[in-house]
Amino acid sequence: MSEIVRMKSVESVLHGVVKIVWLDGYEAIVDLRPVLAEGEVFESLRDSPERFNSVKLAEFGHAITWRDSHDDEIDFGSDQLRRRAERQAEILRLAS
């Protein structure tokens, strides 16, 4: 099993999109809008740009997190975000 590459920083770029820097130096803009568009669990992030902008890096850099309107945690893991970032970067490369 490979080790999860932890994240160094996260910031909201626009509603539904974050910029992430991993500890190995990889940087990416990650579009989460397709994921946020589905499911009740993401409703508070989908409906509130202010809440989405409150994104934080979890302790040890293994996830990014938010609190929903019921104070429950919503998170995305580092490995899942890295795969999504690399896939989105490849799509952009192929499209250009």
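Along the sequence, the protein follows the pattern β-β-β-α-α-α-β-β-β-α, with 4 helices and 6 strands; helices (H or I, at least four residues) and strands (E, at least two) are DSSP runs numbered from the N terminus. The model is predicted, so that local features need pLDDT of at least 70 and side-chain atom pairs count only at pLDDT 80 or more, while totals for chains, interfaces and linings use all residues. Residues are numbered from 1 along each chain as its sequence is written, and side-chain values use heavy atoms, with hydrogens and water left out.

An open sheet is formed by 3 strands in the order β1-β2-β3, with antiparallel pairing; two strands pair if DSSP finds at least two bridges between them. Its edge strands, β1 (7-14) and β3 (27-31), each pair on one side only. Neighbouring strands of this sheet are turned by 25° against each other on average, direction ignored. Between β1 and β2 (residues 17-22), the antiparallel pairing extends over 6 bridges, and Met7 stands opposite Trp22 in β2. Helix α4 (residues 78-95) lies across β1, β2 and β3 and runs at about 90° to β3. Axes are lines fitted to C-alpha atoms, for helices over the stretch in contact (heavy atoms within 4.5 Å), and angles run from 0 to 180 degrees between N-to-C directions.

The C-alpha trace spans about 35 × 35 × 25 Å along the principal axes of the protein. Of the 96 residues, 35% count as buried, meaning under 20% relative accessible area (1.4 Å probe, protein chains only). Among contacts between residues at least 6 apart in sequence, 41% join residues at least 24 apart.

Conventions
Buried < 20%, exposed > 50% of the residue type's maximum accessible area, 1.4 Å probe, protein only.
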